[in-house]
Amino acid sequence: MTTRQGHARRILAGVDPDIRADVANDPRSAIEVHYGFTVQPATSFAERGARGWCDGMSETTSGIILYRSTPGRRENFTLAHELAHHLVGEDDDCPSWLADQPDPPQLLEEVCDDIATQLLIPDERIPRALDGRKPGADT
């Protein structure tokens with residue numbers, strides 16, 4: 001059985017490791033350099049249902065990613081998430097799988113969240129980041 005995490009891992013396996021490292025280090029620059037998108041902050045987005053406030057939007061056919069400039073590193077996740085929309089759109093299997101699921105729009109957002117997470121914190125970085133501690137709310 002295919003899962004959203006399985007699709008995320010498979011899609012990411014197709015991204016060159018050097019590009020993944022660049023995205024992890026500087027998502028905005030990496031997206032512009034490696035994917036040719038224009039990445040720019042936007043001043044406002046509308047509220048979107050139960051998912052909270054929209055922090056980003058991508059129009060990949062036009063080559064534009066807009067994001068809400070936020071303090072800290074939250075915008076890195078937003079940018080990686082928007083890049084994930086592009087990666088899913090370029091994939092042959094995931095869009096077909098999504099179409100057969102009960103709530104494709106919600107599941108697409110979750111797949112993109114999984115991809116963004118793996119781009120920014122690859123599995124091999126987790127042990128180093130935890131420094132021997134168990135994962136938890138305080139780590």
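Predicted model: local features only at pLDDT ≥ 70, side-chain atom pairs only at ≥ 80, totals over all residues.
Local features here need pLDDT of at least 70 and side-chain atom pairs count only at pLDDT 80 or more. Residues are numbered from 1 along each chain.

Helix 6 (residues 104–120) has 17 residues and spans 24 Å from its first C-alpha to its last, close to the expected 24 Å (1.5 Å times one less than the number of residues). Helices are DSSP runs of H or I with at least four residues, numbered from the N terminus. Among the buried residues of helix 6 are Leu107, Val111, Asp114 and Ile115; buried means under 20% relative accessible area with a 1.4 Å probe, protein chains only. These buried residues pack against helix 1, helix 2, helix 3, helix 4 and helix 5.

The axes of helix 1 (residues 4–13) and helix 6 come within 9 Å and cross at roughly 50°. Axes are lines fitted to C-alpha atoms over the stretch in contact, and angles run from 0 to 180 degrees between N-to-C directions. Contact (heavy atoms within 4.5 Å) involves residues including Ala8 and Ile11 of helix 1 and Val111 and Ile115 of helix 6.

Helix 4 (74–90) packs on helix 6 at an angle of about 120°, with the axes 8 Å apart. This pair is therefore oblique as well. The contact includes Phe77, Ala84 and Val88 of helix 4 and Cys112, Ala116 and Leu119 of helix 6.

Conventions:
Heavy atoms only, no water. Helix = DSSP H or I, 4+ residues; strand = E, 2+ residues; numbered from the N terminus. Buried < 20%, exposed > 50% of the residue type's maximum accessible area, 1.4 Å probe, protein only. Parallel < 35°, antiparallel > 145°, perpendicular 65-115°, else oblique.
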